Amino acid sequence: MSFEIFPKWDEMLSHCDLIWNQLPKSWGEGALTGNGLLGANIYSRSGRGISWHIGRTDVYQKVEDRGTNGKYRLPIGRLDLKTKGKIKDCSMRLNLYDAEVTCKLTTECGEIEWRTFTHAEQMVQVIEWRASEEEQELQWEWVPDEAINPRILFHSTPEGGYYPCPEPVINPHIQYEQNQRGIDVWFQALAEGGGYATGIRNVSDIGAGTIYVSVGLSDSKDTAILETVDAIHASEKQGMQLLLESHQDWWHRYYPASYLKVPDQRINAFYWMQMYVLASATRADRPALDLMGPWFEVTPWPAIWWNLNIQLSYSPIYTANRLELGESLCRLLDHAQEALINNVPASYRYDAAAIGRVSSFDCVSPVTDEHGNLLWTVFYYWEQYRYSMDDEMLREHVYPLLRRSVQYYIHLLTEGEDGRYHLPVSVSPEYAIPAANTNYDLSLLRWGCETLLASCKRLDIQDEGIERWRDVLNRLVDYPVDETGYMIGTDVPLLESHRHYSHLMMIYPLSLVHYEQEENRALIEHSLEHWLSLPELFAGFSWTGAASLYAAIGKGNRSLHYLRQLLDRELQFNTLYKEKGPCLETPLSGAASLQEMLLQSWGDTIRVFPAVPDEWPDIVFHQMRAEGAFLVSAVREQGATRFIRIRSLAGEPCNLLTDMKLPLQAALLDENANLEPKNDRIISLLETEGNYTRIELDIKKGEELVIW
C-alpha cells in the first residue's frame, strides 16, 4: 500500500480551468484575475471588442453620504480592446495553475491573440497581444468610471444629497513629471481629499505589444500617481520573462498547501476555482474580503457586511491549510480596535466592543439591533488560532478581543424572575421579527463564555471575569424551542421563510449542540427539516448553510444534495454569485461545505470522512488542516478508508474518529517515506455506534503517523 499522495498539479488543475467558446458578456461570465488588491474581470458588454474591468479593493469613498448606508466602494474603469471587425468567435481559457487568461478572437477581418494576468505580487495588470495583418488597426482605450456611490443606482438620491467627486483629470502635472513619461494617467480626486490614479503604459509595435495597467491610492495626489507609475516602470524594466516567472512561481507554490479530489469533476472544478478566487481576492498583507474583492460591479452592497458575509468568506481558509490568507481578517480586526470599542455605548467602552451590520475597512459601525456580529467574526479569529496553536496570537490578540465581545453581551443581560439571565429584544440576522433571547445571541454568548474559560486555562490567566462567565453559563436562559424546533427567540417561532440559519448557530458553526449528543438528535433533525420546508426566500448561502449543517450531523447524501442546489440554481458561469450585486461569500462557503464532508475537527476530535455521500466511494485529500495544528491526509477506496496520515505541527493531544475497521496498525513516516512500526502510539481504542472507532494517538511535535 502506498501512503504517498502527490498530484501533478498542472495536469490536475488543467481539468478545472474555465473555458469559453463564446464571448463573455457580463460580470458573472467574465474571466477573473487578481492579487488580493488589484484585479480584472474580462468580458464584453457590447459584443464589439472586449474589456478589462479594473478594480482595486481599497478604493473607498471615505466621506459618509447623508442618508446612504455608510461609506462605500468606488468603481475605477475599464480598458477597452476595440477590434477593427466585429468579433465572430472567441476561444478563451482561464489557466488556474499559471493564473493567467489566454484568448484567441476571430473577427470579420482577422485574428487577435492575447494573454493577461494580474501579477501575483506587483501592482500591475499585464496584457501581451498580437494581431494578424488585417486587425492591426485595433485600438486600446481607457474609460474611467464615474466615482459615485453604487447604492444610488439602486435607490433614489437620498434626502440631503450626497458628496459628489470631481471629474477625473488626465495626465495631471506632478512634482516629478519625468517619472510619468510614456504613461497616461487618470487621476480621480475624492471629496474628502486625496484620490486614486490609474496609469496605462502601451508598449506596442506594428501588430503586437504589451500593456501595463496599475492603480495607485493615497491621501496625496502626487503620491497616488507616483505609486502607479513606479509600479509600471518597475514591471516594464523587469521584462516579460521575469514577470511571468515570478508570477507563476508564486501560484505554483500556493496550490500544494493542500489537495482534495472527489469523484465528481464538476465539484472538483468548483472547489479549485474557489481556491483561486481566495488568493486572487485577499492576501496576508492586503485588504480583508468584502463582498466583491477586486472585481467591482454596480451593487447595493459596496462595503463589508458583518452579519454573515465576511464570516462565510473566510470559512474555507482554515481546513484548506491556507492560514496566511486568514491573516487579512486578523489584521483588519487588530487595526480597528478603537473603532470597535467606539461602536458600543460610551458607558460600555471600558471593557466592551462590537460592530453593527455594515462598515468600510475602518470598521466604524455603531451597534443597533444586531448584537453578535463581532463575536461571530471573532469565532474565525479563534479558528486562526486553533488551526495554528499560536499561543502568542491567543494571548495578545484573540483573547482581548474575545473578552470585549463577550463583555458587550454581559452588559445587556438582565436577571429575570426565574433567576435566569435574559437578553433584550434584538434581530436574528435576516429575520424580520425581533425577539428577546434570540438563539443567535444565546449561541454566541455561550460559545464566547466557554471559549474565554478555555483560553484562561490554556494561558494560565487569572481573569477577574472568570466567575462571572461561569455564572452566565450556569444561569443563561435555555434556547427557545417549540413544536417547530429551535425558534428565532422567545415567543417568536420560525413561521416564515428564513434564508439565514442564524437561529441554528448552536449546531453550526459553533458545535455547541451536535449529533454525537444522542439526546439532541431528534431536535436537530426536526429543526433542520422545518427550516428547509420554508424555502421561498432562500438565497445561495441558504443552500451552503444546509449543506454544512447536514455535514455537521453526518448526513453526506443530504449535504451533497444541498451543495448541488448552489451549483445548479445560483452560480454564475465563472462561479461567482450575486443578489442584485456581488456576494463573494456564497461560493466560498460552498467550498467549506465540501471540506466539512471530508474532514471536521471541532471539540478536540478529528473526524475523517464524517459525511461522505454514498455516490463517492473513492476520495483522496492531502495536508488538509485540523484544529490542534494537524495536517491530515487520507484515502478512501471502494467505500472504505484505507489509511490516514497525521502530522503534528504543535504536539497537541490527538483524538481521531474513523470508520476504519479493527485491528489497526500504526507507523511513523520519515522524510524519506520509510515506515517504522509504532503500534504503541495508539493509546486507546473505543468502538462507537455507526461502525466508528475513536482513537487516542500519541504524536509528538514534528512527527507524522500513519494509521491503517
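## Local features of a predicted model

Phe-296 is buried, at a relative accessible area of 12%. Buried stands for under 20% relative accessible area, exposed for over 50%, and partly exposed for what lies in between (1.4 Å probe, protein chains only). This is a predicted model, in which local features need pLDDT of at least 70 and side-chain atom pairs count only at pLDDT 80 or more, while totals for chains, interfaces and linings use all residues. Residues are numbered from 1 along each chain as its sequence is written, and side-chain values use heavy atoms, with hydrogens and water left out.

**Around Phe-296.** Phe-296 lies in the loop between α4 (265-281) and β18 (304-305). Helices (H or I, at least four residues) and strands (E, at least two) are DSSP runs, numbered from the N terminus. Leaving aside residues up to four places away in sequence, Phe-296 touches Trp-27, Arg-73, Leu-74, Pro-75 and Pro-150. Contact here means heavy atoms within 4.5 Å. Pro-582 is 286 residues from Phe-296 along the chain, yet their C-alpha atoms are separated by 8.2 Å.

**A nonpolar surface patch.** Leu-153, Phe-154 and Val-298 form a nonpolar patch on the surface, with about 250 Å² of accessible area together. Patches are made of residues with over 30% relative accessible area and no salt bridge; like charges are joined within 9 Å, nonpolar side chains (Val, Leu, Ile, Met, Phe, Trp, Tyr) within 5 Å. A salt bridge is a side-chain nitrogen of Lys or Arg within 4 Å of a carboxyl oxygen of Asp or Glu. Accessible areas come from the Shrake-Rupley method with a 1.4 Å probe; for residues, only the protein chains shown count as cover. Leu-153 sits in the loop between β12 and β13 (169-170). Leu-153 counts as exposed, at 54% relative accessibility.

**The open sheet.** An open sheet has 5 strands in the order β2-β3-β4-β7-β12, with antiparallel pairing. At its edges stand β2 (31-34) and β12 (139-144); each has a single partner strand, so one side of each is left without a neighbour in the sheet. Neighbouring strands of this sheet are turned by 20 degrees against each other on average, direction ignored. Axes are lines fitted to C-alpha atoms, for helices over the stretch in contact, and angles run from 0 to 180 degrees between N-to-C directions. β2 pairs with β3 (residues 38-43) in the antiparallel sense over 4 bridges. Two strands pair if DSSP finds at least two bridges between them. Thr-33 stands opposite Ala-40 in β3.

| Feature | Value |
|---|---|
| Tyr-508 to Pro-509, cis | omega near 10 degrees |
| Leu-662 to Pro-663, cis | omega about 0 degrees |
| Cys-363, positive phi | near 65 degrees |
| Asp-491, positive phi | about 65 degrees |

Pro-509 is in the loop between β23 (485-486) and α12 (521-532). Asp-491 is also placed in the loop between β23 and α12. Asp-491 is exposed, with a relative accessible area of 70%. Pro-663 is in the loop between β31 (654-658) and β32 (666-669). Cys-363 belongs to the loop between β19 (358-359) and α8 (373-386). Cys-363 is buried, at 0% relative accessible area.

**Gly-554.** Gly-554 lies in the loop between α13 (540-552) and α14 (556-569). Gly-554 is partly exposed, at 37% relative accessible area. Gly-554 touches Pro-610 and Ala-611, not counting residues up to four places away in sequence. Trp-306 is 248 residues from Gly-554 in sequence and 29 Å away in space, C-alpha to C-alpha.
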